[in-house]
Amino acid sequence: MTQSLELPVQEFCLDWTLTGDEGSKVAVTLSGQVSLLDNNRFYKIDGVVYVTEGDADIRAVGNPCLSVRRNGVEKTGRQWGWEMCSARKRLAALNTMEGYFVRTGYWAPADRAIQLSLCAESGWSRRKSYSPHVTVRMVD
């Protein structure tokens with residue numbers, strides 16, 4: 001795969017607040033950029049997840065494992081399906097160091113946008129909750 005300097009680059013930012021018992025809250029941010037490489041044949045997501053507020057309440061919200069997931073949208077509206085695109089990291093670990101991730105993949109001629117959201121897994125049962133998603137439109 002070769003990289004082209006004529007990249008269309010789109011930035012994204014998603015804020016999500018996790019709530020726990022007794023009014024505890026922890027705010028998390030997912031931000032970064034999506035670019036198209038090699039004459040729009042591949043996509044690349046560079047992102048970071050970090051705690052922005054409420055670091056004292058991490059245990060009160062259950063100290064879940066956070067990961068980033070992605071979905072693609074084609075011209076017809078058809079979607080690829082949600083897939084994890086980052087490693088899982090405990091919320092307490094994200095409080096001390098940001099979680100960086102990079103994901104690359106094939107970009108078909110019919111593809112138009114990438115959707116990104118956060119997943120929080122908590123407890124022994126790995127109960128999952130999902131943030132709202134952000135849509136990054138790459139091609140009109």
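**Exercise 1. Pairing in the sheet**

In which sense do β2 and β3 pair, and over how many bridges? Then place the two strands in their sheet.

Solution. The structure is a predicted model.

Step 1. The strands β2 and β3 are antiparallel partners, joined over 11 bridges. One of the bridges puts Val34 with Ile45 of β3.

Step 2. On to the other partner of β2, which covers residues 25–37. Strand β1 pairs with β2 in the antiparallel sense, over 11 bridges. Here Leu18 stands opposite Val26 in β2, and Thr19 has Lys25 of β2 as its bridge partner.

Step 3. The sheet is open and has four strands, in the order β1-β2-β3-β7, with antiparallel pairing. At its edges are β1 (9–19) and β7 (99–106), each of which pairs on one side only. Neighbouring strands are turned against each other by 20 degrees on average, direction ignored.

Step 4. Of the 13 residues of β2, 10 are buried, so the strand is largely enclosed by the rest of the structure.

**Exercise 2. Positive phi values**

Solution. 

Step 1. The hairpin of β1 and β2 has five residues between the strands, and Glu22 has a positive phi near 55 degrees there.

Step 2. In the hairpin of β2 and β3, four residues lie between the strands, and Asp38 has a positive phi near 50 degrees.

Step 3. Asn39 belongs to the loop between β2 and β3 (42–53). Its phi is near 55 degrees, which is positive although the residue is not glycine.

Step 4. Asn63 is in the loop between β3 and β4 (65–74). Phi of Asn63 is near 45 degrees, again a positive value in a residue other than glycine.

**Exercise 3. Salt bridges**

How many salt bridges does the count come to?

Solution. 

Step 1. The count comes to seven salt bridges. Side chains of opposite charge can pair when their charged atoms come close.

Step 2. Asp38 pairs with Arg41, and their closest N and O atoms are 2.8 Å apart. Asp38 is buried, at 13% relative accessible area, while Arg41 is partly exposed, at 45%.

Step 3. Asp46 and Lys44 form a salt bridge of 3.9 Å, N to O. The relative accessibility of Asp46 is 23%, which counts as partly exposed.

Step 4. Glu121 and Arg88 meet at 2.6 Å, N to O. This pair links distant parts of the chain, 33 residues apart: Glu121 is in strand β8 (residues 111–122), and Arg88 is in the loop between β5 (83–84) and β6 (89–90). Glu121 counts as buried at 9% relative accessibility, and Arg88 as partly exposed at 40%.

Step 5. Salt bridges also link Arg70, Glu83 and Arg103 in a network.

**Exercise 4. Aromatic rings**

How many aromatic pairs are found in the whole structure? Why does the pair of Tyr43 and Trp107 count as edge-to-face? Over which rings does Arg69 lie?

Solution. 

Step 1. The search finds three aromatic pairs.

Step 2. The ring centres of Tyr43 and Trp107 are 6.4 Å apart, with the planes at 70 degrees. Planes over 60 degrees apart count as edge-to-face, so the pair falls in that class.

Step 3. Tyr43 is in strand β3 and Trp107 in the loop between β7 and β8, so the pair ties together parts 64 residues apart in sequence. Tyr43 and Trp107 are both buried.

Step 4. Ring pairs join Tyr43, Trp80 and Trp107 into a cluster.

Step 5. Arg69 lies over the face of Trp82, 4.0 Å from the ring centre. The charged end of Arg69 also sits over the ring of Tyr130, at 3.9 Å from its centre.

Notes:
Residues numbered from 1 in each chain as written. Predicted model: local features only at pLDDT ≥ 70, side-chain atom pairs only at ≥ 80, totals over all residues. Heavy atoms only, no water. Pairing = 2+ DSSP bridges. Axes fitted to C-alpha atoms, helices over the stretch in contact; angles between N-to-C directions. Salt bridge = Lys/Arg side-chain N within 4 Å of Asp/Glu carboxyl O. Buried < 20%, exposed > 50% of the residue type's maximum accessible area, 1.4 Å probe, protein only. Phe/Tyr/Trp six-rings, centres within 6.5 Å; stacked < 30°, edge-to-face > 60°. Lys NZ or Arg CZ within 6 Å of the ring centre and 35° of its normal.
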